[in-house]
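Me: I am new to this structure and would like to learn how to read its features. Could you walk me through them?

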Amino acid sequence: MGKKITDKVTWVGKVDWELKNFHGHEYSTNKGSSYNSYLIRDEKTVLIDTVWLPYDDEFVKNLKKEIDLNEIDYIIVNHSEVDHSGALPALMREIPDSPIYCTSNGAKFIKGQYHEDWNFVTVKTGDTLEIGSSTLTFVEAPMLHWPDSMMTYMSSENILFSNDAFGQHYATESLYNDMVDNSELYAEAIKYYANILTPFSKLVTKKIEEVLSFNLPLDMICTSHGVIWKNNPAQIVEKYLEWANDYQENQITIIYDTMWNSTRKMAEAIAAGIRSADSLVTVKLCNASLEDKNDIITEIFKSKAILLGSPTINRGCSYAIAGLMEMVKGMKFVNKKAAAFGSYGWAGDIMNLLSGLLEAAGFDLVNAGKKTLWVPDNDEVDSLKEFGASFVNQIK
Ligand code: FEO
């Protein structure tokens, strides 16, 4: 059922507590998610976005409890990805002539996914739609995070319908940011930024500056996932500006995989060396085969430097490290330093291989790396500690 946000705006989305993976299996959603859809009732009636495909019938059924579907004057699709447009075909079967407001890319992408020639009305930044006592203003947001993305601002209620931007994959029965555990909320918000928006950070900064230059009053940011930012909505905008500006904390993350614990022992000795050289830096160890890949991406996002380690397997590295680095490469991290380490028995050139993966992903290599033959003995453990301590100095 709908949840009233203001006299004119009602949330009509779907909270999905069961969702554990998103984008196929590219993004782990351990805290579930929501697909937020909003119904505006002014002199005209407007629906903003829908929900993910598996919930299409439920969405339409619930919407009918709120309103006679024939009273919907306009549908706005801020973003055509299936988690927001999935219920569109079921809805359009009921009201096939309703105009769909979206960007020109949005119209192409909807057609590409659903092969329907609906009544599209394409809009650009600054275009407006008068709906009575409120005006809706459209703001294109290409590549935040798809080429079709846009936001819609509603005057009178001072709401920015931001779609994916400022969202979180976070299921909650509470609608607003001040009604949930804020440590959980921010953990999901930074994970969302790190894994989805990092490659587009420069565009994030530009778009936020552009929207701020309009000097629009802002009472709420109604995202398409997770909570609505109602209490001090500027806080998440400020966080985005911070995260978009080559964000890093005083953290070094050691990411490794291990077969028979040799590389794990190396990682632990390197961590001890880092700790002995710098008592303030946060050091975290992540086994790439065991840790959630998206949590590792978030840890890299927060780090000023990483160390990447792998055992040698058939002259190569572990599949977990190779797979992770393929994801990391797509994140286009900048201003982060790195070095490689790895164990071997009789063959292979693990350090060059790992160093190559780090360079291809945009990291600044600070040394040639450290390799260990078989299992580190006491002397080698000391040498690894020295390697860790000198890494601290090299990244200063
Ligand atoms: Fe939440 Fe890009 O879809």
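Me: Which residues form one aromatic cluster?
Reply: Here Phe166, Tyr193, Tyr240, Trp243, Tyr247 and Phe301 form one aromatic cluster. Rings of Phe, Tyr and Trp (its six-membered ring) pair if their centres lie within 6.5 Å; planes under 30 degrees apart count as stacked, over 60 as edge-to-face and the rest as tilted. Before we go on, this is a predicted model, where local features need pLDDT of at least 70 and side-chain atom pairs count only at pLDDT 80 or more, while totals for chains, interfaces and linings use all residues. Residues are numbered from 1 along each chain as its sequence is written, and side-chain values use heavy atoms, with hydrogens and water left out.

Me: How many aromatic pairs does the structure hold?
Reply: There are 17 aromatic pairs. Take phenylalanine 333 and phenylalanine 363: this pair is tilted, because the ring centres are 6.4 Å apart and the planes stand at 55 degrees. Phenylalanine 333 lies in the loop between helix H10 (319-331) and strand E20 (337-344), and phenylalanine 363 in the loop between helix H11 (350-360) and strand E21 (364-365), so the pair ties together parts that are 30 residues apart in sequence. Helices (H or I, at least four residues) and strands (E, at least two) are DSSP runs, numbered from the N terminus.

Me: Is phenylalanine 333 buried or exposed?
Reply: Buried means under 20% relative accessible area, exposed over 50%, and partly exposed in between (1.4 Å probe, protein chains only). Phenylalanine 333 has a relative accessible area of 5%, so it is buried. Phenylalanine 363 is buried as well, at 4% relative accessibility.

Me: What does serine 201 contact, leaving aside its neighbours within four places in sequence?
Reply: Contact means heavy atoms within 4.5 Å. With those neighbours set aside, serine 201 touches Tyr193, Trp243 and Ala244. Serine 201 belongs to helix H6 (residues 201-213) and is buried, with a relative accessible area of 11%.

Me: Which charged end sits over the ring of tyrosine 176?
Reply: A charge sits over a ring if NZ of Lys or CZ of Arg is within 6 Å of the ring centre and within 35 degrees of the ring normal. For tyrosine 176, that is lysine 230, 4.5 Å from the ring centre. Lysine 371 likewise lies over the face of tyrosine 344, at 5.1 Å from the ring centre.
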